Amino acid sequence: MVASPQLRNDQSLKKVFFCPEESSFYAHCLETLVLKECFEPTVIVEFGSGDGSPVIQALLRTEFDGVIHGFEINDSAYQVARSRIQEHQLTRKYLIHKRCLLNSPKPEATYLIANPPYLPAWDHHLYQPLLHGGIEGITLTKKLLSLGYPNVLTLMSSYSHPQDLVREALLKHYRVASFVVAPMQFGYYSSEPKVMARIKELRSCNRAFYSENIYLLAGVLFTQQPGSRDLSTELLKLMTSL
């Protein structure tokens, strides 16, 4: 996860996740892998809306005919998201709920979308605790796959045991329908010493893949639709290539 401390101070970065590069990538994945494939009114559920900027970007670039229900527990991010949604006059298409999707009645939807927390660390005492993804960075992503939505778009990091995440998806009868991969630089959140130490531990047992300069971030569309192709082999070859 990248962030630019020069753009915002430490307190701001702790309150609301801030990474323009990653947010733009998530918006691109949402636009190309989901919204442009929705040819009729569609309901989408989002886990962890943050400040709302990725979904807003994607909605402004498409003619999506449906509604996105976003769930966000960070009050600061929730307030920013509501303000931005109103500013862009998207209140009919993007509804934000201040509660956790995992602890709420499950809304019916065709897609679940998320840029879930994927920082691996032994505990959640980080600069931004809400970005903790468990000891391997994939705990929350696995929980999202357990919700049983027919299509799940999620971001996946090459330093957070990508093999186990794909294996979990296959066990839950998902296939990798499509994906987009981009290189990312280590930044403010991922360079925190305890996070980086854990990433190095994962690499030592062949569960994290990165170079000195970059890691890979993938936007992956998992689907349970029968007859769809499965690109899991190709995805893992890329995600473990560094």
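Predicted model: local features only at pLDDT ≥ 70, side-chain atom pairs only at ≥ 80, totals over all residues.
Which residue in S3 does His69 stand opposite? It's Leu95. Residues are numbered from 1 along each chain as its sequence is written, and side-chain values use heavy atoms, with hydrogens and water left out.

- Seven is the number to look for: an open sheet of 7 strands runs in the order S3-S2-S1-S4-S5-S7-S6, with mixed pairing. Two strands count as paired if DSSP finds at least two bridges between them.
- S3 and S6 are the edge strands, each pairing on one side only.
- From one strand to the next, the twist averages 20°. Angles here run from 0 to 180 degrees between N-to-C directions, and the axes are lines fitted to C-alpha atoms, for helices over the stretch in contact.
- As background, strands of a sheet pair through backbone hydrogen bonds, either parallel or antiparallel.

**Who pairs with whom**

- Strand S2 (residues 66-71) is joined to S3 by 4 bridges, and the two run parallel.
- Strand S1 (residues 42-47) runs parallel to S4, again with 4 bridges joining them. Look for Val45, whose bridge partner in S4 is Leu112.
- Strand S4 (residues 111-114) also pairs with S5 in the parallel sense, over 4 bridges. On that side, the bridge partner of Leu112 is Val152, and the bridge partner of Ile113 is Leu153.

**Covered strands**

- In a regular strand, the side chains alternate between the two faces of the sheet.
- S4 points Tyr111 and Ile113 one way and Leu112 and Ala114 the other, and all are buried. Buried means under 20% relative accessible area, exposed means over 50%, and partly exposed is in between (1.4 Å probe, protein chains only).
- Strand S5 (residues 151-157) is mostly covered, with 7 of its 7 residues buried. Asn151, Leu153, Leu155 and Ser157 sit on one side, while Val152, Thr154 and Met156 sit on the other.
- Over in strand S6 you'll find Ser178, which counts as buried because its relative accessibility is 15%. Ser178 touches Leu33, Gly219, Val220, Leu221, Arg229 and Leu231, not counting residues up to four places away in sequence. A touch, or contact, means heavy atoms within 4.5 Å.

**Two helices side by side**

- Two packed helices are described by the angle between their axes and the distance between the axes.
- Helix H6 (residues 162-171) and helix H8 (residues 232-239) pack at an angle of about 165°, with their axes 10 Å apart.
- H6 and H8 are therefore roughly antiparallel to each other. The cut-offs are under 35 degrees for roughly parallel, over 145 for roughly antiparallel, 65 to 115 for roughly perpendicular, and oblique for the rest.
- The contact is made by Pro162, Gln163, Val166 and Leu170 of H6, together with Ser232, Leu235, Leu236 and Met239 of H8.
- Sorted by class, the contact of H6 with H8 has 6 nonpolar, 2 polar and no charged residues. For the classes, Ala, Val, Leu, Ile, Met, Phe, Trp, Tyr, Cys and Pro count as nonpolar, Asp, Glu, Lys and Arg as charged, and the others, Gly among them, as polar.

**Loops worth a look**

- Gln89 has a positive phi of about 55° although it isn't a glycine. Find Gln89 in the loop between helix H4 (75-87) and strand S3 (94-97); at 72% relative accessibility, Gln89 counts as exposed.
- His173 has a positive phi too, about 70°, and it isn't a glycine either. This residue lies in the loop between H6 and strand S6 (175-185), and His173 is exposed, with a relative accessible area of 65%.
- Pro150 lies in the loop between helix H5 (139-145) and S5, and counts as partly exposed because its relative accessibility is 26%.
- Pro150 touches Ala109, Thr110, Tyr174, Phe222, Thr223, Gln224 and Gln225, leaving aside residues up to four places away in sequence.
- Pro150 and Leu236 are 86 residues apart along the chain, and their C-alpha atoms are separated by 22 Å.
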